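Me: I would like to go through the terms used for this structure and ask what each one rests on. Please show it first.

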Amino acid sequence: MKVFIPSQIANGYTNGLHELNAEGEKLDQVIRSLDDQYPGIKNALSEGFACALENEIIHDWFDEDIKDVKSVRFIPAIEGG
Amino acid sequence: MSSVRTEELTRPNRKATEEENKFKVIGTRPVRPDGIDKVTGKANFGADIVLNGMLYGAIHRSKHAHALIKKVDVSKALKLEGVKSIITHSDLATLKPTDKNSNVNFFDLARNVLAKDKVLYDGHAIAAVAAISQTIANEAARLIEVEYKILKPVMNIKTAEKKNTPIIDKNIFTEGLKEPAKKPSNIAKKVEFLLGDPDKTFEQAEIVVDRKYSTQTVHQGYIEPHACAASYTKDNQATIWCSSQGAFMVRAYTAKLCGLETSKIKVIPAEIGGGFGGKTTIYLEPLAVKLSEKTGRPVKIVMNRTEVMRATGPTSGGTAHVKLGADKKGNFIAGLIELKYEAGAFAGSPVGLGCMTAFAPYNLKHVKCTGWDVLVNRPKAAAYRAPGAPVAAFAVESAIDELASKLQMDPIHLRLKNCATEGTTAPYGVTFDKIGHKECLEAALNSNHYRKKLKPYQGRGIASGFWFNIGGNSSAEIMINEDGNVTVATGNPDIGGSRASMAMMAAETLGINMENVKPIVADTESIPYSDLTGGSRVTFATGKAVIEAAEDMITEMCKRAAKFWKVDPAQVEWKNGKAICIERTDIEPMSMKQIAKIAFKTGGAISGKANINVKKGAGPGFGLHICDVEVDPETGRVTVLKYTAIQDVGKAIHPSYVEGQLQGGAAQGIGWALNEEYVYSKDGNLMNTGFLDYRIPVASDLPMIETILVEVPNPGHPFGVRGVGETPIVPPLGAVANAVSNAIGRRMTDLPLNPIKILSEIG
């Protein structure tokens, strides 16, 4: 599973690496896998980032089913006016 | 199936489409439930609240844009007869820089509502007074003496970026750099979005447009100033009456700043006289609560227009550098954009959203969007319809217009060749489901407007726009009253006709007339949590909650009918507003009035509810605007001759309000493009603090804004709804700038396009 993260997270936690690999059929499994590799990234992504899964942007992401998803991409949360 | 409305609606003897026949209430244009109160002046807005024993508040504000506060002397003010209390930042809860969540930095918010040890913009609040009359409160605020150490203000991005420039906030270290920042900076954050390999791919481009653009700080321009009243009681409970875009947001933010548990505060939403994103935060509420706590009496604070302009809103001014490459046939090859947005005095401009939206209407495989969040000594930027998108779209849509000119292609055909469709992956990583950008472009091409001939010094501009649209947390409760009529309660303030759309969706689901449904906006103790009204989410997400609540009540009504008829509930169905026993023709269907009559016999009052977080299905919105202008070569004045706003709205629940959203967005965007800007003195004082000097367009400035509603139903909503409120402000800046550029034969890149700039271009 490919996981894409924003530059401000990449520079803080993955030594600039934007494209990561993690395993899991549920989103929270993938996040735990990432956190094992890059400690602290789970909390960082939990603050102000939404998760783009194929054609949806998920705020308040948790344990979404991602077994049929090709990639997971974290993006800034969408605010509105 | 998609359909195009509004222009069609004007045709005589027009037959309703099959799509329209599906619905009885959806798509009609009933009178709005809150209309009579609003047009007769009976609706209660924030400033209308009057409470027994109420005191009046006033605020002492900074006259400097950047200064250390050495001393605040309130002694003279306190001696004034009738003054009851004065508060400063130290009266708020003690917060740390780490006190933040994904939505808000409370440390910054507290320092914004009352300056801590430094004033950061002209008009920054320093102290708040409560007194027995407004006149005394104002005089007391004037008598407060502040000793400053004046610092050099940082008024624009260029100054903020300079080396050795004054640092506005020493807590800010640039985030998002490859190497962690070691020194404080006025650059709060760098963001970057990358798709493919744009740098390399640019080598294949045969035609490149490379240009810089700029815009100024603008205000949302809501007519109703911020206002609230608060009453704090001896049992440490507070009640707030205020106009805002979210009563639960007001409750949570005020609780944090006042050091109270959230549930100790009740927020009663007043009517709202415009918000446009500017009322998604708080300014006055914690001050009124604290003053009420100190005095033991209710306190009301109402801003005047000058305060609104100096210390609330605005949205970011910014710069954009766009590079767009294409082949000779007009196929886009790659796009780059670098955006720099003013955040105001606290981090948090919408530059990330600008990056994400910039190229979203187009099918580009190679894109890089870089954004910089820049602190300046101006008010903290607040949300404004489609935050971040209009400035980015202005730049990209101008570049596309220039590219079309170089290619000698029609600008709509160029966009059609490259437009995002179902299956396109946007630069921010989402692959679009069913969207209607192409349909909007085709509707524009086929419109009467686009075929109209122009004269010398007249120009036509078009521009596309995109907004994500979102879902989120929404709650709805629906109840059948003793007379069989229905009340629908939601937790979302009605800023754009949502009472009507909620009532219509409830009526459609229940199979009854809209006149039999009364929609209300509930307070924070009468309905479960709801996210604020913003992001074009309410008709979509709260609408879903209303539909689910209605379905919940239908289930209960069927059970009650079954109980009354002594049949198995599985034999009862709901059809056309009635319970029907499907296996017994001898039983007459039961209407809601009849069910209301048997409610007490069969178990008590009947209601339905839904508390949901709509995580999926908010279909993105796309629009295209066409603008015709005439430029007076002697004065440089721009007259908007004709304007058409086209948008994929999914399904228009109440077409008049959807058209109103499009017209309002267009009007605000035209003002942004032609007139509006914050004008500061060299010392950083705002010079145009009223609507005489800060020129928002009025009816006499504009032609009738024509609308074409394109309906590509959103598969993520039972009725096909897409959010519509944000998208219409995205295209106007580009559409107007392209129109003016085409009228005078010069590329206009610096908004607003006032007569001085135009005259300097045409000589």
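Reply: What follows is a set of questions and answers on a predicted model.

Me: Why is G511(B) called partly exposed?

Reply: A residue is buried with 20 or more other C-beta atoms within 10 Å and exposed with 12 or fewer. G511(B) has 17 such neighbours inside 10 Å, so G511(B) counts as partly exposed. G511(B) lies in the loop between α16 (498–510) and β20 (517–521) of chain B.

Me: What makes G577(B) a contact of G511(B)?

Reply: Contact requires C-beta atoms within 7 Å, with those atoms placed from the backbone. G577(B) is listed among the contacts of G511(B), together with K575(B) and N576(B), once neighbours within four places in sequence are left aside. The C-alpha atoms of G511(B) and G577(B) are 4.1 Å apart, although 66 residues separate the two along the chain. That distance is between C-alpha atoms, whereas the contact rule uses C-beta atoms.

Me: How do you know that the buried residues of α2 (residues 27–37) of chain A are on the same side?

Reply: The buried residues in this helix are L27(A), V30(A), I31(A) and L34(A). Because they cover an arc of only 100° around the axis, they are on the same side of α2(A). An α-helix has 3.6 residues a turn, so residues three or four places apart point the same way.

Me: What covers those buried residues of α2(A)?

Reply: The cover includes α3 (41–46) and the strands β1 (2–4), β2 (19–21), β3 (49–53) and β5 (71–76), which belong to chain A.

Me: What makes A506(B) stand out in the largest nonpolar core?

Reply: This core has 277 residues, and A506(B) is one of those with the most contacts inside it, along with V129(B), V736(B) and V740(B). Helix α17 (residues 538–565) of chain B gives the largest share of the core, 13 residues. Not counting residues up to four places away in sequence, A506(B) touches I478(B), V486(B), V488(B), V517(B), V546(B) and A550(B).

Me: How many residues does each chain bring to the contact between chains A and B?

Reply: Chain B brings 36 residues and chain A brings 24. On the side of chain B, β8(B) supplies the largest share, 4 residues.

Me: Why is that side of chain B described as 14 nonpolar, 11 polar and 11 charged?

Reply: Asp, Glu, Lys and Arg count as charged, and Gly is among the polar residues, so sorting the side of chain B that touches chain A by these classes gives 14 nonpolar, 11 polar and 11 charged.

Notes. Residues numbered from 1 in each chain as written. Chains lettered and ligands numbered in written order. Predicted model: local features only at pLDDT ≥ 70, side-chain atom pairs only at ≥ 80, totals over all residues. Core = buried A, V, L, I, M, F, W, Y, C linked by C-beta atoms within 7 Å. Helix = DSSP H or I, 4+ residues; strand = E, 2+ residues; numbered from the N terminus. Contact = placed C-beta atoms within 7 Å. Arc of directions from axis to C-beta.
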